[in-house]
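Hi there,

Here is the structure I promised to pass on to you. Please have a look at it first, and then read on for what turned up.

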Amino acid sequence: MKIVHFSDTHLGFNDLDVLTSDGINQREADFYKAFDDIVKKIEVIKPNYIIHTGDLFHRSSPSNRAISFALEKFNQLNNLNIPIILIAGNHSTPRTIQAKPILSIFNNFQNIFCAYSCKYEKFEFKDIVFHTIAHLNDENSIYKHLETLENSISKTKKNIMMLHCSVGASFLMSEFGEFVYPKEKEYLFEKMDYVALGHWHGFSKVGKFNNVYYSGSSERTSLGDKRNNKGFILADLTKELKVEFSEIKIRDFISFEIDALTFDEQLNKIEPEKYKGFIIEIIIKNLTVLKSIDISNQQLKQYFNQALQVVVKREFIKEENQVFEDIQAISLKDYFTEFLEDSCSSEEFNRLKLKADELFAKYEENYDDSI
């Protein structure tokens, strides 16, 4: 018995002001491609069951494009005549009962079974039972749902638990509405053949449990996700549980750390043509205020002009020897004027000071720039 487990596909996610040739946000298109790649692999594997553990969409009211794409792809999966079980995550669960859950669009699909009602729901087949708890807006209700789940465990069939939450503080995403699975109820994991989790975006085995896994997301929603590979889990329950992570190819991400003391030398060693279409993070370390002024973000973006995005982060050193006398009396205007005087020739200083005085005069009545 083989189960494909994937999660957190966040269809409709978009970022950056970059469009494809079809006029679609490029990052949104990346998420569609990742999803399509997983569907293609499922069509080859032809597992016994397919499960998705939440956040199919990035929002509870996704765009028409995201909905249309999802319907097309799940129609492909539905035609495989394989049971597909979906649960709602915190991103795709409405906050009020007046809004209809987006997963209800699959209600009329013959092979798709959805849990989106903020309660325990069971889907039972001839050889297996899926115990699902979708995202809960009321975190305190988890105990009554777990009690119902425990009373529903089958003694003659495989038992699969599906959740969208954090199991322990290590897997918190620091998002609005997320909740932590109660530690005192972790004994239920040991009664399951497999526990499929959603919410955490990296493929992970949870703690001491050899049957509890996050499949991770299918694409990166933030720069903080740079270390995680993306894909899905193929869980084989034929005999003893075997878990295999299948990676998919997504947009490349690379991070460079550059020391400000040898900035030009280190930057010139990087061959920018190798990183066409990449998302690039540049971390500049050991910066002083004056050195930071010399390094512009625009300069770096021009250097990596074939990259999709260049993000610059600056880490400053503490300049312990720098002393300000009467620091309360120093204004931004005075500080900038001193910088010009130290950095320019006399002729250049006089020209720039007139311009600076003119610009600061426009704001001094409305802003207190004392530091």
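Strands β8 and β10 (residues 212–214) pair in the parallel sense, over three bridges. Two strands count as paired if DSSP finds at least two bridges between them.

Before going further, a word on what you are looking at. This is a predicted model, in which local features need pLDDT of at least 70 and side-chain atom pairs count only at pLDDT 80 or more, while totals for chains, interfaces and linings use all residues. Residues are numbered from 1 along each chain as its sequence is written, and side-chain values use heavy atoms, with hydrogens and water left out.

**Around β8**

Val 195 stands opposite Val 212 in β10. Strand β7 (residues 158–164) also runs parallel to β8, and five bridges join them; there, His 164 has Gly 198 of β8 as its bridge partner. Five of the five residues of β8 (residues 194–198) are buried, so this strand is largely enclosed by the rest of the structure. Buried means under 20% relative accessible area, exposed means over 50%, and partly exposed lies in between (1.4 Å probe, protein chains only). On one face of β8 the buried residues are Tyr 194, Ala 196 and Gly 198, and on the other they are Val 195 and Leu 197.

These strands belong to an open sheet of six, in the order β5-β6-β7-β8-β10-β9, with mixed pairing. At its edges stand β5 (120–124) and β9 (204–205), each with a single partner strand, so one side of each has no neighbour in the sheet.

**Around β3**

Strand β3 (residues 84–87) is covered on both faces: Ile 84 and Leu 86 are buried on one side, Ile 85 and Ile 87 on the other. β3 pairs in the parallel sense with β2 (residues 49–52) over three bridges, and Ile 51 stands opposite Ile 85. With strand β4 (residues 112–115), β3 pairs in the parallel sense over four bridges; Ala 115 in β4 is the bridge partner of Ile 87.

β2, helix α2 (residues 64–78) and β3 also make a right-handed β-α-β unit. Right-handed here means that, with the strands pointing away from the viewer, the path from the first strand over the helix to the second runs clockwise.

**Aromatic pairs**

A search of the whole structure finds 23 aromatic pairs. Rings of Phe, Tyr and Trp (its six-membered ring) pair if their centres lie within 6.5 Å; planes under 30 degrees apart are called stacked, over 60 edge-to-face, and the rest tilted.

One of the pairs is Phe 13 with Phe 31, which is tilted, at 4.7 Å centre to centre and 35 degrees between the planes. Phe 13 lies in the loop between β1 (2–6) and α1 (26–45) and Phe 31 in helix α1, so this pair ties together parts that are 18 residues apart in sequence. Phe 13 is buried at 8% relative accessible area, and Phe 31 is buried at 0%.

Phe 256 and Phe 304 form a stacked pair, at 6.1 Å centre to centre and 20 degrees between the planes. Phe 256 sits in strand β13 (residues 253–259) and Phe 304 in the loop between α6 (297–303) and β15, so to speak two distant parts of the chain, 48 residues apart. Phe 256 counts as buried at 13% relative accessibility, and Phe 304 is buried at 3%.

There is also one aromatic cluster formed by Phe 6, Tyr 32, Phe 35, Phe 69, Phe 74, Phe 106 and Phe 109.

Gly 23, in the loop between β1 and α1, counts as partly exposed at 41% relative accessibility. Its C-alpha atom and that of Tyr 143, 120 residues apart along the chain, are separated by 47 Å.

Phe 316, in strand β15 (residues 309–316), is partly exposed with a relative accessible area of 47%.

Happy browsing, and do write back with any thoughts!
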